[in-house]
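User: I am new to this structure and would like to learn how to read its features. Could we go through them in turn, please?

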Amino acid sequence: MALSVAQNAGRQAPSRVTAPRILMWVALILTTLISLFPMYWMFVTAFTPTQDTIKTPPDLFPHADLSNFERLFAQARDYWAWFANSVIITLGITFFHLIFDTLSGYAFAKKRFPGRNILFWVIISTLMIPPQVTLVPLYIVVQNFNLRDSLWAVILPGWANVFGIFLMRQYIQTLPTELEEAGRIDGCSEPGIFWRIILPLSKPALAALAIFTFVRFWNDFLWPSMVLIKSPSYTLPVGVASLQTEFSTDYGLIFAGSALAALPMILFFLAFQKYFLEGVRAGAVKG
Amino acid sequence: MADTNLTQVNSPAAQRTNPLVLFLRKYGWGYVFVLPSFLAFGIFTFIPVIWAFIISFQDFRPRGGGDWVGLQNYRDAFTTQNGVFLEALKNTIIYAVVTVTANIFIGLFLASLLQPLSNKFQTFFRAAYYLPAVTSAVIIAVTWRWLFNTQWGFLNFLLGLIGAAPVRWLSDPDIALQSIILSTVFTIPAAGVVLFNAAMNSIPKDFYEAADLEGAGPIRKWWSITLPLIKSTTLYVVVLYTIASFEVFEKVYIMVPSGVGNSTQTIVTQIYQTVFSQFRYGVASAQAMVLFVIVVSFAVIQFRFFRSDVEY
């Protein structure tokens, strides 16, 4: 595949330097710079002493200065609590999806039972429901049961997410049925077949699912901001938003907090890029 | 007696008389396996949606209420605070039309530029475009707010270089919405590029070779081969971005926290305010139902797309 594309590229556009080729590369590089610039600027500001962030012309390159981070930890005392909350919430949601999306994906892909297709389309149809529609009822429940500031109030609704079921069904459909049959003949129970055969074979799809779910909920803001009221129970996005109101003109501090919150996802992406893009594409594959 | 029962259970005759047992033995595990997911969807999606629909006809406030008020909430949704919700609808539609159009064209354009490149370069540029999309919308909005800062922002610094007067990007009610739109347009539609790229890479190469033999130029090939063959992906991406733009919230909420008059209100910021500033849950639900209807009408297209098995 790689070879044929390369050959094809060679044939279509010989490596002669032509005006369209130059323009094409200029466009690609320029858009890359535009794409990455806001992130670059965030890091520059995070490493610039805050008094230097408000001057004209601005410094275009980062200083090697950690004073913003020192102030962040001294003044935004809950920062590590936000970090921990984000980790707990995101893991709580991701773990659920890894197990239960694979279970239902397996059932939808391989099991035969009356109503299977109807149930599958009922689940897929929830794609149509804007998450904002369920906010008011869920918020009323959270209020009445006094679940405000409880991490469960964020974790539990995160379990209703259709992407993983779809992804796992797509993937498990491609696994050979003979393996399950062999397990059945060897006297393996149905949960055993799932646990010992389906789950291990689904590793590549599970990786994409884990990464996609993790990022999706690590970055979630609207619902957490509604139910996490006190600073110690914030998640990182809610906390970063609060930095902006609390330290309005201390741009160094605000961006130290933002950069640190963004860093795990950036590293995560650089390490597992393939799976990320796999997940994006899987969302587009038809059922 | 006990003996006969035992033999009966195992005999085919007994199984015929016990269809439920037979049914469960044959299909039970399928239902067991989908049960946890269905519980989650039932409790956190289906019941809340139905409840939201009911509340939209009730005078529901924190701690009580619940009188039926007919369509009063829907009337209030549009008339409360001098009809700010109508303004919000208008703003959201403007935001959606401009950003979706821009996203589709930029996504198509960049994916088309990537198509002839080698795998190595495709991977590199896809990653460079996608990288910002892994950070939270909150952080992106905080950063754009800083870039837009009237006094110290980078954009006004650039304008200063060419001698232009500073622009009050986010504080001038006449242009605040345009600034927000600008920030979206300047954020590369990463998912769009990735999806278009995948679709274009799956077009069989001999189509292009055949066109080469007939002497078709690159533009002609793009128009007559590429575009028709990625039609279904294009439709999907349009729907994806349309729905996302109707649900725009973080961007607006973070970039102009207190709003610039009504000029930057969107559907979701309005719902948020109706809940948290006015405490009128019924009215907020009515507004959410309006969003629901808009999104569903677009999502039906997506749904049909999911059902169709059209492949190249």
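**Overall form of chain B**

Analyst: Let us begin with chain B. The model is predicted. For chain B the radius of gyration is 27 Å, whereas a compact globule of 312 residues would have one near 20 Å. Along the principal axes, the C-alpha atoms of chain B fill a box of roughly 100 × 70 × 30 Å.

User: How many helices and strands does chain B have?

Analyst: Chain B has 15 helices and two strands. Of its 312 residues, 44% count as buried. Among contacts in chain B with a separation of 6 or more, 69% are between residues 24 or more positions apart.

User: What does the domain assignment of chain B give?

Analyst: The assignment gives domain 1 (2-55) and domain 2 (76-307). Taken over C-alpha atoms, the centres of these two domains of chain B are separated by 44 Å.

User: Is B:Trp51 buried or partly exposed, and why?

Analyst: B:Trp51 belongs to helix H3 (residues 19-55) of chain B. A residue needs 20 or more other C-beta atoms within 10 Å to be buried. B:Trp51 is partly exposed because it has 18 within that distance. Its C-alpha atom is 51 Å from that of B:Lys120, a residue 69 positions away along the chain.

User: How should I read a nonpolar core, and which residues have the most contacts inside the largest one?

Analyst: The general idea is that, in soluble globular proteins, nonpolar side chains tend to be buried together. Here the largest nonpolar core has 162 residues, and those with the most contacts inside it are A:Val136, B:Val138, B:Phe196, B:Ala288 and B:Leu291. Helix H15 (residues 251-282) of chain A gives the most to this core, with 14 residues. From chain B, domain 1 (2-55) and domain 2 (76-307) each supply at least three residues to this core.

User: Which residues is A:Val136 in contact with, leaving aside its neighbours within four places in sequence?

Analyst: With those neighbours set aside, A:Val136 is in contact with B:Ala52, B:Ile55, B:Val275, B:Tyr281, B:Ala284, B:Ser285 and B:Ala288.

User: How many residues of each chain are in contact with the other?

Analyst: As a general point, the size of an interface is often given as the accessible area lost when the parts come together. Counted by residues, 85 of chain A are in contact with 79 of chain B. The elements of chain A that give two or more residues to this side include helix H2 (19-46), helix H5 (79-110) and helix H7 (135-144). By class, the side of chain A that touches chain B has 58 nonpolar, 21 polar and six charged residues.

Notes. Residues are numbered from 1 along each chain as its sequence is written. Chains are lettered from A and ligands numbered from 1 in the order in which they are written. This is a predicted model: local features need pLDDT of at least 70, side-chain atom pairs count only at pLDDT 80 or more; totals for chains, interfaces and linings use all residues. A nonpolar core is a set of buried Ala, Val, Leu, Ile, Met, Phe, Trp, Tyr and Cys residues joined through C-beta atoms within 7 Å. A residue is buried if 20 or more other C-beta atoms lie within 10 Å of its own, exposed if 12 or fewer, and partly exposed in between; C-beta atoms are placed from the backbone. Helices (H or I, at least four residues) and strands (E, at least two) are DSSP runs, numbered from the N terminus. Domain bounds come from an automatic or database domain assignment. Two residues are in contact if their C-beta atoms, placed from the backbone, lie within 7 Å. Ala, Val, Leu, Ile, Met, Phe, Trp, Tyr, Cys and Pro count as nonpolar, Asp, Glu, Lys and Arg as charged, and the others, Gly among them, as polar. The radius of gyration is taken over C-alpha atoms; the globule rule is 2.2 Å times the number of residues to the power 0.38.
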